Amino acid sequence: MKSLPITLVAGYLAIVVQTLIGLFFVPFLLSDNGVGLAGFAAIATLQSAAALITFLFDGYRQYAARTIALAFQNGEGRALSAIYYFSLLCTTGVVGIWVMVWPSISTLIGLYAKDVVMGGFLAAACVVVEQLSYVLECHQHAVKRSWVPSGLGALDSLLRASFTIILFVSFSATVSQFFLAALLGQGMKLAVLLWLSPTAIRVPAGQWGAWMLSECKAFGESLPLALNGIAPFVVFRGGVIMANAMLAGEPAGVIAIILVTLRTYINQGLFSVLRPMLIPRLALVDIYDKTSTAFRRLMTYLDLFQVFTLLVGVWAVVSASWWFSLWLGSSVEGYARLAQIAVAVYFLE
């Protein structure tokens, strides 16, 4: 636990970079050089639809984080490659099914842009790369190099924004170009993680079938963990999909910003640093021994985190009417009160 404060500082430095990029990148997407509010609604709706795949793997991701940490503590490196290849096979299979039904689903949820089908295919590819990257990030947390995922997260945000601007300027501002830029950024991040974790791509020798059957069983047992997140998924992601299907483009875009973009930034700032490293570290601590130095230090950090969250939340809610219009311009000023209510809910969540 002694490395946790340093790791958190490194993580929040990366979050600062990501936040600054987002503060400029979202207004660019909404501008005349970007896709506009209607295009932003299409992007958010597509992301929400693709998030259904990620949602199915949420429980398995928690299992993978704990298993990889314990495996490396016990000197068992084959667990990483088994989880990596199972994630590759399983996500590819699920994404394949999703791709086949996507052209029909896109019309049902109000996505009529001519390039939205290609955008859906690229978004599905991003899901596969994201899942594989998460497995390798768990390895970095397990070997106490949590600053690596934080740094790569900041680099990924920078690359995505840069590739998006380059593609928009060089070709055209479309939904598919946005997801192509995201896939390029995530692909480079995955390449670096593979270079840092070469054991992940070594096929487990001798008992390949047994390893895959074991991971299938673990995936089935982890599904209840995934179901814990069904309510937030339906409320926030489902709300964006319904708004796009029932409203015109621009109001749907504003709702997407409030329901998804704001919540993503808040979760990113508060949880994206702490949560990925918390499960591997807890796996190595006897949480039933409440007198141990490691446990007491961890509880102190978490108590401080709660106080910090409360203070930041109060400030964000009180000043929402100011920073929301400043961030996105006067055209969304009428939605500032709704944004204020939403931000309060997100911090309570």
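1. Start with E137: at 12% relative accessibility, this residue counts as buried (buried is under 20% relative accessible area, exposed is over 50%, and partly exposed is in between, with a 1.4 Å probe and protein chains only). A quick note before going on: this is a predicted model, where local features need pLDDT of at least 70, side-chain atom pairs count only at pLDDT 80 or more, and totals for chains, interfaces and linings use all residues. Residues are numbered from 1 along each chain as its sequence is written, and side-chain values use heavy atoms, with hydrogens and water left out.

2. Which residue does E137 meet in a salt bridge? The partner is K189, at 2.8 Å, N to O (a salt bridge is a side-chain nitrogen of Lys or Arg within 4 Å of a carboxyl oxygen of Asp or Glu). The pair ties together distant parts of the chain, with E137 in helix 5 (residues 116–142) and K189 in helix 7, 52 residues apart. Helices here are DSSP runs of H or I, at least four residues, numbered from the N terminus. K189 counts as buried too, since its relative accessibility is 14%.

3. By this rule the count comes to two salt bridges. The other one to look at joins the side chains of D156 and R160, at 3.2 Å, N to O. Both of these residues sit in helix 6, four residues apart, or about one turn of the helix. Are they buried or exposed? D156 counts as buried at 7% relative accessibility, while R160, at 29%, counts as partly exposed.

4. Leaving aside residues up to four places away in sequence, D156 touches G185, Q186 and K189 (contact means heavy atoms within 4.5 Å).

5. Now for the helices themselves. Two packed helices are described by the angle between their axes and the distance between the axes. The axes of helix 6 (residues 147–170) and helix 7 (residues 175–196) come within 8 Å and cross at roughly 150°; axes are lines fitted to C-alpha atoms, for helices over the stretch in contact, and angles run from 0 to 180 degrees between N-to-C directions. Helix 6 and helix 7 are therefore roughly antiparallel (over 145 degrees; under 35 is roughly parallel, 65 to 115 roughly perpendicular and the rest oblique). The contact of helix 6 with helix 7 has 15 nonpolar, four polar and three charged residues. In that scheme Ala, Val, Leu, Ile, Met, Phe, Trp, Tyr, Cys and Pro are nonpolar, Asp, Glu, Lys and Arg are charged, and the others, Gly among them, are polar.

6. Helix 4 and helix 5 make another pair to check: their axes come within 9 Å and cross at roughly 165°. That makes helix 4 roughly antiparallel to helix 5. Their contact divides into 18 nonpolar, seven polar and no charged residues.

7. Two more residues are worth a look. S150, in helix 6, counts as buried at 13% relative accessibility, and S150 touches A10, G11 and A14, not counting residues up to four places away in sequence. C90, in helix 4 (residues 78–108), counts as buried at 18% relative accessibility.

Conventions: Helix = DSSP H or I, 4+ residues; strand = E, 2+ residues; numbered from the N terminus.
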